[in-house]
Amino acid sequence: MIAPAKLPLLEWESDTAHEARLNPGDRVLIEDFGRGSKLLVDELASGVRVSARQWVGVVRLSELEVTISPRFVTTPEELVELVEFATGIDALTRNRGQWSLAPSGNNLFDLIATLFLEAVERILRGGLRLDYVEKVEELGVLRGRLELSDQLTRNFGRVDRLICRFDDQETDVVENQVLRAALQECARYVTNPRIARHARALFAVFAEVCEPPEMDLGDARANIEYNRLNQHYRPAHELAWLIFEGLGVSDLLMAGRTSSFAFLLDMNVLFERFIWRLLESWVRGTQLRVHYQLPNSSVIRDSSGGYYAGIRPDVLLSSADRLGRVAIDAKYKGYSSDRISVADLSQAFLYAYAYSIGAPLALIAYPAPSEVPVVTRLQIRQADGLTAAQIVAVGININAALAQARGLTRGLIGDTVLGLIGTSLAGLRAA
């Protein structure tokens, strides 16, 4: 069997694999990308042309393997650190220095799968979730309560066979079913032999303790409420949701999956969550509050005062009394070399007026190569020349910010960002 051609790309980059061809399974997978929103693949007379978007990861076709790397994160390990930080998972931190996360040949999916398998192992060591499941069964002795109507209809006059309704503790619960489904995906698609063996072994364990889930991913996610009995499942579930989202799996009962494979993560979403988590770490110990994508339906109204449209800034920073608020718009764009677009400035201008008290101010955060924060101050002026609002764009080095966050410090990046907005927040004081 001929090994597939390798095509490494950066975000928004295009290239052609001249010898590759697509088979029907490849075309099914490509259709799932949604008209090029994740990846654009064109069949040419000689080869296949691939154009990346802001989605990073790996796509395996029958004759071609495409790897898409982010522009602002240097190595696969650093990308996994970004994922870990943005999703609030500490698996990588716990294992730092104990084992090599990236053996030669690993791709992003293998790295995420490794963290997921480690999280599942921790659950097994702590004990699987048990819950009471109501059952109705025909038994030789009475258990629970007798189903009198069914007993009279089906077993009239018999005392050796009783139809009983009772509660029984089982491991066949949604928390375990989600893990089983994610383990099945890992066992199927991981390429590293050692990690694949580990995934298959864990899947065999969960295949014994629970059945396949009988719901789609959205229902499963909505039905799980975490408490002291299942809180230890949360890290593994967060990684499972990431695996499902990256694979594009919305239905856990989905049949007819193609052998072609894609695991793609949206860097726009990751960067938004990264900025949110950074701000949460920076304001710890102060009276500031951080809100992630908090909807607001009171800003844009029609002439009668009724609702017209809502807004939802990526992050909203407020003082404890909520008299001072500043919106932060996270833009995963190369603004260190390009001018900020008028559309993004207009959106920030709306946020500045909607949330600020006093002089309107909003921030735009974007990734930048410099380890020193790059600050660009822009003024929105009225026709008479007076300043109507101030927009501050801050370029943040992702790797430097992660390193400072791991050290539990704000560092120069956090101090710069909070310094820019601190004076505009009423009631800002250290706790």
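The dialogue below goes through a few features of this predicted model, from a sheet to its rings and cysteines.

Me: What should I know about the numbering and the model before I start?
Reply: This is a predicted model, in which local features need pLDDT of at least 70 and side-chain atom pairs count only at pLDDT 80 or more, while totals for chains, interfaces and linings use all residues. Residues are numbered from 1 along each chain as its sequence is written, and side-chain values use heavy atoms, with hydrogens and water left out.

Me: In what order do the 6 strands of the open sheet stand?
Reply: Helices (H or I, at least four residues) and strands (E, at least two) are DSSP runs numbered from the N terminus, and two strands pair if DSSP finds at least two bridges between them. Here the order is β11-β14-β15-β16-β18-β17, with mixed pairing. The edges are β11 (289-292) and β17 (374-381), each of which has a single partner strand, so one side of each is left without a neighbour in the sheet.

Me: Which strands pair with β15, and in which sense?
Reply: Strand β14 (residues 315-318) pairs with β15 in the antiparallel sense over 4 bridges, and valine 315 has isoleucine 328 of β15 as its bridge partner. With strand β16 (residues 361-367), β15 pairs in the parallel sense, again over 4 bridges; aspartate 329 stands opposite isoleucine 364 in β16, and alanine 330 is opposite alanine 365 in β16.

Me: Is β15 (residues 325-330) largely enclosed or left open by the rest of the structure?
Reply: A residue is buried under 20% relative accessible area, exposed over 50% and partly exposed in between, using a 1.4 Å probe and protein chains only. In β15, 5 of the 6 residues are buried, so the strand is largely enclosed by the rest of the structure.

Me: How are aromatic pairs described, and how many does the whole structure hold?
Reply: A pair of aromatic rings is described by the distance of the centres and the angle of the planes. Rings of Phe, Tyr and Trp (its six-membered ring) pair if their centres lie within 6.5 Å, and planes under 30 degrees apart count as stacked, over 60 as edge-to-face and the rest as tilted. A search of the whole structure finds 11 aromatic pairs. Tyrosine 335 and tyrosine 366 form an edge-to-face pair, 6.0 Å centre to centre with 80 degrees between the planes. This pair links distant parts of the chain, 31 residues apart, with tyrosine 335 in the loop between β15 and α11 and tyrosine 366 in strand β16; both tyrosine 335 and tyrosine 366 are buried. Elsewhere, ring pairs link Phe72, Phe85, Phe271, Phe274 and Tyr332 into a cluster.

Me: Which charged ends sit over a tryptophan ring?
Reply: A charge sits over a ring if NZ of Lys or CZ of Arg is within 6 Å of the ring centre and within 35 degrees of the ring normal. The charged end of lysine 38 lies over the ring of tryptophan 55, 4.8 Å from its centre, and that of arginine 277 lies over the ring of tryptophan 276, 4.3 Å from its centre.

Me: How many disulfides does the structure hold?
Reply: A disulfide is a covalent bond between the sulfur atoms of two cysteines, counted here when a pair of cysteine sulfur atoms is within 2.5 Å. The structure holds 0 disulfides. Cysteine 186 is buried at 0% relative accessible area, and cysteine 210 counts as buried at 3% relative accessibility.
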